[in-house]
Amino acid sequence: MIKHLFKITLSDKISIFWVLLFPIILGTFFMLAFEGLKNKDNFTSIKVAFVGDVDKSESSLYSIMEDLPYESEQSEVTNMFLLSEVATKEEAEQQLNDKEIKGYIYNDELYIYKNGMSETVIKTVMEIYYKAFDQATALVENTALTYPEAFARVFKENNLFEETGEKTSSLLESYYYSVLGMAIMLASSFSLVGTAFILPNQTEIGKRIAISPQSKIKKLLLILFVNFVIMMSIFILILLYFKFVVGIPFHYPVRVIIITFLGALFALALGFSENILMSKLSFNTKVGINTTIGVFGGFLSGMMFQPMKYFTEKYIPFLKYINPVNLITDGLLSIEQYDHHIRYYINLGCLALFTIILITLSALKFKREKYESL
């Protein structure tokens, strides 16, 4: 029976495409788009203008960007950014249109001509800076620290901007983490399809299985096991592709596997719970829910536009705890780039909690499910 279940699941070519091939294709596009930044020998300082007179002693953003280093393969250190000052916004806009600069900053807002590799680096560095600014502000308001002292503590505790070029370039890896998170959520379609086979009100096969003497709990566990093995196999293939083809280092492989494992369990529970708790919805509606969670969750996690992740955390903070794609993406970021291991364990806890809730509610209803006629 296990062999038959594997065969049925793997025959779902649409799910295989969206869960395995689409993330690999998207990751390949990212790799090609970011190739210039990955090649450290070809790096040139990114030109950014600040509008107005800048007091370097007070503008921590200017000071950080001015001093941020970049190290080439030959260990030659250069500045990540080449900063300049312009008197008016109109002058900065003219330089931007003439492509003399990659972007300019006016009233703490970044203006760019188009999205690109250099522009992504500017956005990401500013994102990290504003996160640190919020933490520093909280310290100043609750302690006797000054802003310079608070910034120094935040940067030291979080290891922000302490690494050189390779660490800063690796900020682009958050795009790949979001792709993995999206793939994990889209994989819930496997359990959505698989568990439908044992529900008599949804499939003809389910009607025949319902009248068989074998325990339906055993049948459910067997289906979930097969789905989980296939899902984890796909995610391992994606991780291997990201590591050996794209070049994502994954410094903590065990922790990466753990959060992927929990993400797969959540996706498994999500598909099953949709069949049980939303049994009156059509199959296409359930697939649409999964797709929305995966794609829109990826968008909020910065997969298409990296600053969206910062915007969401700043203005809609509760979303980062209920968006499963963000829990995976942020968990990977916390261990691979920011060394925020506390955040990693919090995200693991949220994934585990949501999984337990979905499985418990679904299992209770599934066990009590009865049908008047088949």
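These legends walk through a few close-up views of a predicted model. Local features here need pLDDT of at least 70 and side-chain atom pairs count only at pLDDT 80 or more, while totals for chains, interfaces and linings use all residues. Residues are numbered from 1 along each chain as its sequence is written, and side-chain values use heavy atoms, leaving out hydrogens and water.

**View 1. Ser-178 sits in helix α9 (residues 173-186).** Helices (H or I, at least four residues) and strands (E, at least two) are DSSP runs, numbered from the N terminus. With a relative accessible area of 0%, Ser-178 is buried; that word means under 20% (1.4 Å probe, protein chains only). Beyond its neighbours within four places in sequence, Ser-178 is in contact (heavy atoms within 4.5 Å) with residues including Gly-298, Met-303 and Thr-329.

**View 2. The largest nonpolar core has 66 residues.** Such a core is a set of buried Ala, Val, Leu, Ile, Met, Phe, Trp, Tyr and Cys residues joined through side-chain atoms within 4.5 Å. Ile-234, Phe-235, Ile-238 and Phe-242 have the most contacts inside it. Among the elements giving two or more residues are α2 (13-33), α9 and α12 (216-246), and α12 brings the largest share, 16 residues.

**View 3. Strand β1 (residues 46-51) is largely enclosed by the rest of the structure, because five of its six residues are buried.** Strands pair if DSSP finds at least two bridges between them. β1 runs parallel to β4 (residues 81-86), joined by six bridges, and Val-51 has Val-86 as its bridge partner there. β1 also pairs in the parallel sense with β5 (residues 103-106) over three bridges, where Phe-50 partners Ile-105.

Conventions
Buried means under 20% relative accessible area, exposed over 50%, partly exposed in between (1.4 Å probe, protein chains only).
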